[in-house]
Amino acid sequence: MSLDLYKTAEIYIGVKEPDALIKTFFREGVGINKDHRTAWCSAFANFVARKCDYERTSDAWAKSWLKVGRQVSPYQVKTGDIVVFHRGKNKDKGHVGFFGKWLGENKFTAISGNYSQMVRDGIFYTDREVD
């Protein structure tokens with residue numbers, strides 16, 4: 001099932017602000033009428049989860065994903081699993097994406113929305129990982 005999430009997320013790589021699809025992510029993912037001026041990583045994750053008929057939060061807050069599924073150790077994470085990160089120094093703010101692959105002991109890829117104002121496959125480090 002997680003692989004379906006990843007493959008669906010891949011379809012949207014390259015969507016960038018201010019693309020009208022971002023409004024669709026909000027509307028269909030979390031049921032609100034917002035655009036790229038609002039943080040949209042969780043709206044994208046909810047949109048993808050809805051498309052795959054997967055459990056979702058229906059919440060625009062990235063850390064709402066901590067209430068979905070179950071936490072696993074970094075060594076158990078699979079392609080397409082949801083990963084939640086701290087954003088910057090403020091531990092209340094977060095970012096959410098779909099795990100891709102390990103690039104080394106502390107580095108991995110994940111597809112996420114609102115990463116450098118677009119959907120992209122980015123590189124992340126485990127010191128930012130929350131769940």
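**Entry 1: a loop residue**

I began with Ser 116, which sits in the loop between strand 3 and strand 4. Strands here are DSSP runs of E with at least two residues, helices are runs of H or I with at least four, and both are numbered from the N terminus. The model is a predicted one, in which local features need pLDDT of at least 70 and side-chain atom pairs count only at pLDDT 80 or more, while totals for chains, interfaces and linings use all residues. Residues are numbered from 1 along each chain as its sequence is written, and side-chain values use heavy atoms, with hydrogens and water left out.

I looked up the backbone of Ser 116 and found phi near 55°, a positive value in a residue other than glycine. Is Ser 116 buried or exposed, or does it fall in between? Ser 116 counts as partly exposed because its relative accessibility is 41%. The cut-offs are under 20% relative accessible area for buried and over 50% for exposed, with partly exposed in between (1.4 Å probe, protein chains only).

**Entry 2: other loops and the end**

I then went to Asp 53, in the loop between helix 3 and strand 1. Its phi is near 55°, again positive in a residue other than glycine. Asp 53 has a relative accessible area of 67%, so I noted it as exposed.

Which residues does a cis peptide bond join? I found that bond between Glu 17 and Pro 18, with omega about 5°. Pro 18 belongs to the loop between helix 1 and helix 2.

In the segment after strand 4 I looked up Asp 127. Asp 127 is exposed because its relative accessible area is 64%. I also checked Asp 127 against Ser 73: they are 54 residues apart along the chain, and their C-alpha atoms are separated by 14 Å.

**Entry 3: strands**

I followed the strand pairs, where two strands pair if DSSP finds at least two bridges between them. Strand 1 and strand 2 run antiparallel and are joined by six bridges. In one case, Phe 85 has His 95 in strand 2 as its bridge partner. The hairpin of these strands has two residues between them, and Gly 88 there takes a positive phi near 70°.

Strand 2 and strand 3 also run antiparallel, with four bridges. A hairpin of two residues joins strand 2 to strand 3. Gly 104 has Lys 107 in strand 3 as its bridge partner.

How many bridges join strand 3 to strand 4? I found six, and these strands run antiparallel. Here Ser 112 is partnered with Arg 120 in strand 4. Strand 3 covers residues 107-112 and is mostly covered, with five of its six residues buried.

**Entry 4: aromatic rings**

For ring pairs I used Phe, Tyr and Trp (its six-membered ring), with centres within 6.5 Å; planes under 30 degrees apart are stacked, over 60 edge-to-face, and the rest tilted. The count by this rule is 14 aromatic pairs. One of them is Phe 44 with Phe 98, edge-to-face at 6.3 Å centre to centre and 80° between the planes. Phe 44 is in helix 3 and Phe 98 in strand 2, 54 residues apart, and the pair links distant parts of the chain. Both Phe 44 and Phe 98 are buried.

Trp 102 and Phe 108 also pair edge-to-face, at 5.5 Å centre to centre and 70° between the planes. Phe 108 is buried because its relative accessibility is 2%, whereas Trp 102, at 33%, counts as partly exposed. Ring pairs also link Tyr 12, Phe 25, Trp 40, Phe 44, Phe 47 and Phe 98 into a cluster.

**Entry 5: nonpolar cores**

I took a nonpolar core as a set of buried Ala, Val, Leu, Ile, Met, Phe, Trp, Tyr and Cys residues joined through side-chain atoms within 4.5 Å. Which members of the largest core touch the most others? Of its 26 residues, they are Phe 25, Trp 40, Phe 44, Phe 98 and Val 119. Helix 1, helix 2, helix 3 and strand 2 each give two or more residues to this core. The largest share, seven residues, comes from helix 3. A second, separate core has seven residues, including Phe 99 and Phe 108.
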